[in-house]
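Subject: Structure handover

Hello,

Here is the structure we spoke about. Please have it open while you read on.

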Amino acid sequence: MQKITILGSTGSIGVNTLDVIARYPERYQVFALSGASQLEKLAQQCVQFKPRFAVVLDAISAQTLAVLLKEKGSATEVLWGASALSDVSCATEVDAVMAAIVGAAGMQPTLDAARAGKRILLANKETLVLAGALFMDAVRESGAALLPIDSEHNAIFQVLPPFYRENPYAANLQAAGVKRILLTASGGPFRTMPQAELQHVTPDQACKHPNWSMGRKISVDSASLMNKGLEVIEARWLFNAPEKSDISVIVHPQSVVHSMVEYMDGSVLAQLGNPDMRTPIAYGMAYPERVDAGVKSLDFFSVGRLDFEAPDLQRFPCLQLAFDALAAGGAAPAILNAANEIAVEGFLNKSLCFTNIPRLIDAVLNECTHRATAESLGALLAADQSARVAARAWLQAHPLC
């Protein structure tokens, strides 16, 4: 019986994780759930899965949730605040932590869980983008198990040699015979839209992903290809890739091939499947076993064809900005991520047009990178906050488009 804390249980990753858990009550028990604004949904999850704790962001939300749970007859104890997220991630009873809080807010409890030696099911991109070196150091020093849950990184993990996925920092990609990592991207909802029309797209359009069901923030990132840029930075840390290694992005509209690894002998190994997050979630939870995740078998005859194309960096400059931030190193990835979070927030509340997302990010990178350092977690968090201030100032100083 594994006891699991789910950070971000009301989001799409959290919901799919609970779906897998519900299929195996003899294997998994929920220790704690956390959520932000969807309190009714969180309360319903507590009634069904009976966690010991539920964590929310603030005291008002905690009061509201406590009332809801009392009305439903739930004995789950309500906690609130950032320290509570870390507490339920590091508790002695906890075996695994699903890190699925979107944004930089999920970094600290995930880092604390790594330091505590937990099994980390990593779905929070920002932990590696903001503090990749520090996080991987914590994983190695504590002996924590790290299983990537993003479909792309999970696919890469599956097709790497067993010795390398167990401990990538004991060797390097070359020693594993790897020539390059190939990250696939669907291209999002605007892949074929005329570039001139992009400035007029709406948040609802951006959130209608053609293949995946995701939250609004990550859906916008997918539409701008920033999501793929962040994944490039993640891959650098997850798989101990050299900073200027050949991590390539390939647009694959069908989202059937989730990612690939090219080997030095000319072989290319790929992981394929239906676009359903329960596959990587179940793989991470049960690893090294495999269990039925409730996912439909891939019907090759219905798929019919698999297409691949190079990403259009003119249409999607966010991807190039991410490559540039990775090459710059230091605090640049943290600044990129913070600026992107503010830009996406502005787009979703209709104070920024879609095509101004990369312009804002580029401006903040140019303003903040030269004065930021990455010497410690405190320095990286300071760079993050500085970038947010600069991003909000840019947002106020510029018109919608």
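Below are notes on the sheet, the helices around it, the core and one lysine.

First, the ground rules. This is a predicted model, where local features need pLDDT of at least 70 and side-chain atom pairs count only at pLDDT 80 or more, while totals for chains, interfaces and linings use all residues. Residues are numbered from 1 along each chain as its sequence is written, and side-chain values use heavy atoms, with hydrogens and water left out.

**The sheet**

Helices (H or I, at least four residues) and strands (E, at least two) are DSSP runs, numbered from the N terminus. Seven strands make an open sheet: 7 strands in the order S4-S3-S2-S1-S5-S6-S7, with parallel pairing. Two strands pair if DSSP finds at least two bridges between them. At the edges are S4 (77–80) and S7 (145–148), each pairing on one side only. On average, neighbouring strands are turned by 25° against each other, direction ignored. Axes here are lines fitted to C-alpha atoms, for helices over the stretch in contact, and angles run from 0 to 180 degrees between N-to-C directions.

S3 (residues 53–56) pairs with S4 over 4 bridges, in the parallel sense. Phe-53 has Glu-77 in S4 as its bridge partner. Helix H3 (residues 59–71) packs on the sheet and touches S3 and S4; its direction makes about 170° with that of S4. Helix H4 (residues 82–90) lies across S1, S2, S3, S4 and S5, at about 160° to S1.

**Helix H1**

H1 covers residues 12–23. Its buried residues (under 20% relative accessible area, 1.4 Å probe, protein chains only) include Ile-13, Leu-18 and Ile-21. The buried residues of H1 pack against S1, S2, H2, S5 and H12; contact means heavy atoms within 4.5 Å.

**The core**

A nonpolar core is a set of buried Ala, Val, Leu, Ile, Met, Phe, Trp, Tyr and Cys residues joined through side-chain atoms within 4.5 Å. The largest one has 133 residues, and Phe-135, Leu-336 and Ile-361 have the most contacts inside it. Helix H15 (residues 332–348) gives the most to this core, with 10 residues. Beyond four places in sequence, Leu-336 is in contact with residues including Met-226, Leu-321 and Ile-361.

**Lys-125**

Is Lys-125 buried or exposed? Lys-125 counts as buried because its relative accessibility is 5%. It sits in helix H6 (residues 125–142). A polar contact of 3.3 Å joins its side chain to that of Asn-227. Such a contact is a pair of N or O atoms within 3.5 Å; within protein, one must be able to donate a hydrogen and the other to accept it, and residues adjacent in sequence count only if both atoms are side-chain atoms.

Best wishes

Key. Buried < 20%, exposed > 50% of the residue type's maximum accessible area, 1.4 Å probe, protein only. Expected span 1.5 Å × (residues − 1).
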